[in-house]
Amino acid sequence: IGFDMFSAPMEGLVALDENLAPMPRLATEYSISDDGLSYTFTLREGVKWHNGEDFVADDVVNTWKIVNNPDFGTYNTFGWDLVTEVAASKDGTQVTITTAEPYAPFISSTGIAPIVPSSAVTDPAAFASDFGRALIGTGPFKLEEWVPQQQISFVRNDDYWGETAILDKLIYMIVPDDNTQLVQLRTGEIQVASSDSAISALRLEEALGIEGVSILETPSPAWKHFDLKII
């Protein structure tokens with residue numbers, strides 16, 4: 001199932017709340033210049049990466065550099081590709097991000113993008129091949145183990161800057177079909193089934209028949225579509 005902002009191991013400068021409004025994460029506040037080209041973020045103090053390093057302004061600067069580094073080959077650079085400069089203040093408490101032109105969704109797209117530690121991006125090739133399976137973030141849970149095609153487990157980050165998580169551990173199991181998911185829900189092996197590959201609408205009544213199982217429906221800004229190319 002997908003991460004939400006209260007369990008994700010990676011965090012951005014801001015996050016979006018349930019009303020899609022920006023809320024503080026690694027930045028406590030931000031301001032936008034009158035010309036709409038510069039965004040100044042005040043960074044949160046006392047934040048540590050999962051490896052024990054301090055979160056600093058250079059981490060934001062170097063995240064921008066690795067995103068736009070052709071040797072890394074970022075899949076999606078929307079927003080970041082409009083950035084002309086990321087400058088840290090002399091005292092390291094603020095970062096100003098300047099764009100080449102006004103970009104309305106900057107905060108809700110680039111502002112929420114995960115920041116990575118500087119130590120992880122010194123070698124773009126190694127970062128591209130290794131970081132995804134050895135995540136180092138600042139979030140309330142940190143990576144414990146990744147078993148390919150089986151499960152990913154996270155443990156509570158007791159050094160988290162915010163409110164400490166209630167759960168000791170999260171296990172995300174990779175289940176290929178909804179039949180197996182229904183069996184696991186009945187036996188209590190799993191507690192939540194979610195994502196695009198979760199239980200289909202055709203088996204909704206069957207899922208509702210499982211004692212203690214609730215079906216939650218939530219609105220989403222996402223959409224699905226078919227791309228057709230006519231020759």
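Colleague: Which residues form one aromatic cluster with F72?

Modeller: This is a predicted model, where local features need pLDDT of at least 70, side-chain atom pairs count only at pLDDT 80 or more, and totals for chains, interfaces and linings use all residues. Residues are numbered from 1 along each chain as its sequence is written, and side-chain values use heavy atoms, leaving out hydrogens and water. Rings of Phe, Tyr and Trp (its six-membered ring) pair if their centres lie within 6.5 Å; planes under 30 degrees apart are stacked, over 60 edge-to-face, the rest tilted. The cluster with F72 takes in F127 and F131.

Colleague: Are F127 and F131 buried or exposed?

Modeller: Buried means under 20% relative accessible area, exposed over 50%, and partly exposed in between (1.4 Å probe, protein chains only). By that cut-off, F127 and F131 are both buried.

Colleague: What are the relative accessible areas of Y30 and F41?

Modeller: These two make a tilted aromatic pair, 5.8 Å centre to centre with 40° between the planes. Y30 is partly exposed, at 32%. F41 is buried, at 0%.

Colleague: In what order do the four strands form the open sheet?

Modeller: Strands are DSSP runs (E, at least two residues) numbered from the N terminus, and two of them pair if DSSP finds at least two bridges between them. The pairing here is antiparallel, and the order is β3-β4-β6-β5.
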